[in-house]
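Biologist: Can you walk me through this one? I'd like to start with the aromatics and then go on to the core.
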Amino acid sequence: MEIREVSHDNQDFLMLCGELDCFLNVAIGGEEKREKYKKFNHTDTMDFVAIAYDNDTPAGCGALRKYSEKEVEIKRVFVREEYRGKNVGGKILETLIEQAKRLGFEELVLETGAFLAASVRLYQRYGFERIENYGAYKDMPESLCMGRKIE
């Protein structure tokens, strides 16, 4: 498995984001339930994008977007079903954390859903804890926000 940095308009990243959206639509019972989240996931707002490749096959992705001078937000973390349970998500997350550290950020934040138990467990394994919902997610009780300091 190789992690590569790519641009926000990379075709593999766009394809994986499309698969993530389909996965989320099924998980929460329809695209209309996700409508209010779409504006927070425009790929052209991502500052750093990483894709995990199995040879030349994209297995998963993740991205960073600057949230404030001290905080960077983790976005669009997704692993294709056939690669789940193989620590692909962990490798992507490690890459994102290292990049955030290199860029001089002090904290990482993210938004997920409590119904995404595997994702929540992954983030907890890497030191993320539940935080108060931030920004646009403040009034979205179905959102679960997490954060951690960068050492």
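Biologist: Is Tyr-134 buried or exposed?
Modeller: This is a predicted model, to begin with. In it Tyr-134 is buried, at a relative accessible area of 8%.
Biologist: And which aromatic cluster is Tyr-134 in?
Modeller: Tyr-134 forms one cluster with Tyr-67 and Tyr-137. The structure holds 4 aromatic pairs. One of them joins Tyr-67 to Tyr-134, edge-to-face, with 5.1 Å centre to centre and 75 degrees between the planes.
Biologist: Where do Tyr-67 and Tyr-134 lie?
Modeller: Tyr-67 is in the loop between strand 3 (57-66) and strand 4 (71-79), and Tyr-134 is in the loop between strand 6 (129-131) and strand 7 (143-149), so their pair ties together parts 67 residues apart in sequence.
Biologist: Why is the pair of Tyr-134 and Tyr-137 edge-to-face?
Modeller: The planes of Tyr-134 and Tyr-137 are at 80 degrees, with the ring centres 5.5 Å apart. Planes over 60 degrees apart count as edge-to-face, so that pair qualifies.
Biologist: Switching topic. Which ring does the charged end of Arg-84 sit over?
Modeller: That of Phe-23, with the charged end of Arg-84 4.8 Å from the ring centre. Arg-148 likewise has its charged end over a ring, that of Phe-128, 6.0 Å from the centre.
Biologist: Now the core. How many residues are in the largest nonpolar one?
Modeller: The largest nonpolar core has 27 residues. Those with the most contacts inside it are Leu-64, Ile-74, Leu-93, Leu-96, Leu-108 and Phe-128.
Biologist: Which element gives the largest share of this core?
Modeller: Helix 2 does, with 6 residues.
Biologist: What does Ile-74 touch?
Modeller: Leaving out residues up to four places away in sequence, Ile-74 touches Ala-63, Leu-64, Leu-93, Leu-96, Leu-108, Val-109, Leu-110 and Phe-128.
Biologist: What else is there, as a second, separate core?
Modeller: A second, separate core has 14 residues, including Val-6, Phe-13, Leu-20 and Val-49.
Biologist: Back to helix 2. How many residues does helix 2 have, and how far does it reach?
Modeller: Helix 2 (residues 88-102) has 15 residues and reaches 21 Å from first C-alpha to last, close to the 21 Å expected. Among its buried residues are Ile-92, Leu-93, Leu-96 and Gln-99.
Biologist: What comes just after helix 2?
Modeller: Gly-104, which takes a positive phi of about 90 degrees.

Definitions and conventions: Residues numbered from 1 in each chain as written. Predicted model: local features only at pLDDT ≥ 70, side-chain atom pairs only at ≥ 80, totals over all residues. Heavy atoms only, no water. Phe/Tyr/Trp six-rings, centres within 6.5 Å; stacked < 30°, edge-to-face > 60°. Helix = DSSP H or I, 4+ residues; strand = E, 2+ residues; numbered from the N terminus. Buried < 20%, exposed > 50% of the residue type's maximum accessible area, 1.4 Å probe, protein only. Lys NZ or Arg CZ within 6 Å of the ring centre and 35° of its normal. Expected span 1.5 Å × (residues − 1). Core = buried A, V, L, I, M, F, W, Y, C linked by side-chain atoms within 4.5 Å. Contact = heavy atoms within 4.5 Å.
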